[in-house]
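Work through the exercises below with the sequence and the model open. Each task is followed by a solution in steps.

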Amino acid sequence: ILTTTPNELVGKLHDRMPVIVPADKYEKWLDPEVEDYEAIQDIFMPYDAAKMREYPANPKLNDANNEDISLAGPVEAIEPKQQGII
């Protein structure tokens, strides 16, 4: 996974984010003839935050055994419960 600096949305959560290749750059990104880094440098810029959305994720996504696609949609935010101090 290639990472870059975060955009405004992801920056609230982490100090980097995956490179997201915009559809209009697919051809350039996949072109095996490109050898000049300058020609593809713009692809490594943070993805436009205005084209993204955020929502709470289902905690079941933390278990790799859960492969149900329905888990990928938004869920109601759940307030985490901390265990008491012993």
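## Exercise 1: Trp-29 and the surface

Trp-29 has a relative accessibility of 32%, so it counts as partly exposed. The model is a predicted one.

Solution. 

## Exercise 2: Aromatic pairs

Solution. 
1. The description of a pair of aromatic rings uses the distance of the centres and the angle of the planes.
2. In one of them, Trp-29 and Phe-44 have 5.6 Å from centre to centre and 75 degrees between the planes. Planes over 60 degrees apart count as edge-to-face, and the pair of Trp-29 and Phe-44 is edge-to-face.
3. Trp-29 belongs to helix H1 and Phe-44 to the segment after helix H2 (37-40), so this pair ties together parts that are 15 residues apart in sequence.
4. Tyr-37 and Phe-44 have ring centres 5.9 Å apart and planes at 25 degrees, so their pair is stacked.
5. Trp-29, Tyr-37 and Phe-44 form one aromatic cluster.

Task: Are Phe-44 and Tyr-37 buried or partly exposed?

Solution. 
1. The cut-off for buried is under 20% relative accessible area.
2. Phe-44 has 19% relative accessibility and therefore counts as buried.
3. Tyr-37, at 46% relative accessibility, counts as partly exposed.

## Exercise 3: The setting of Asn-7

Task: Locate Asn-7, decide whether Asn-7 is buried or exposed, and find which backbone atoms its side chain reaches.

Solution. 
1. Asn-7 sits in the loop that runs between strand E1 (3-4) and strand E2 (17-18).
2. With 6% relative accessibility, Asn-7 counts as buried.
3. The Asn-7 side chain reaches the backbone nitrogen of Leu-9 at 3.1 Å, and the backbone oxygen of Tyr-47 at 2.7 Å.
4. Leaving out residues up to four places away in sequence, Asn-7 touches Met-17, Pro-46, Tyr-47, Asp-48, Ala-49 and Met-52.

Key:
Residues numbered from 1 in each chain as written. Predicted model: local features only at pLDDT ≥ 70, side-chain atom pairs only at ≥ 80, totals over all residues. Heavy atoms only, no water. Buried < 20%, exposed > 50% of the residue type's maximum accessible area, 1.4 Å probe, protein only. Helix = DSSP H or I, 4+ residues; strand = E, 2+ residues; numbered from the N terminus. Polar contact = N/O pair within 3.5 Å; in protein donor to acceptor, adjacent residues only side chain to side chain. Contact = heavy atoms within 4.5 Å. Phe/Tyr/Trp six-rings, centres within 6.5 Å; stacked < 30°, edge-to-face > 60°.
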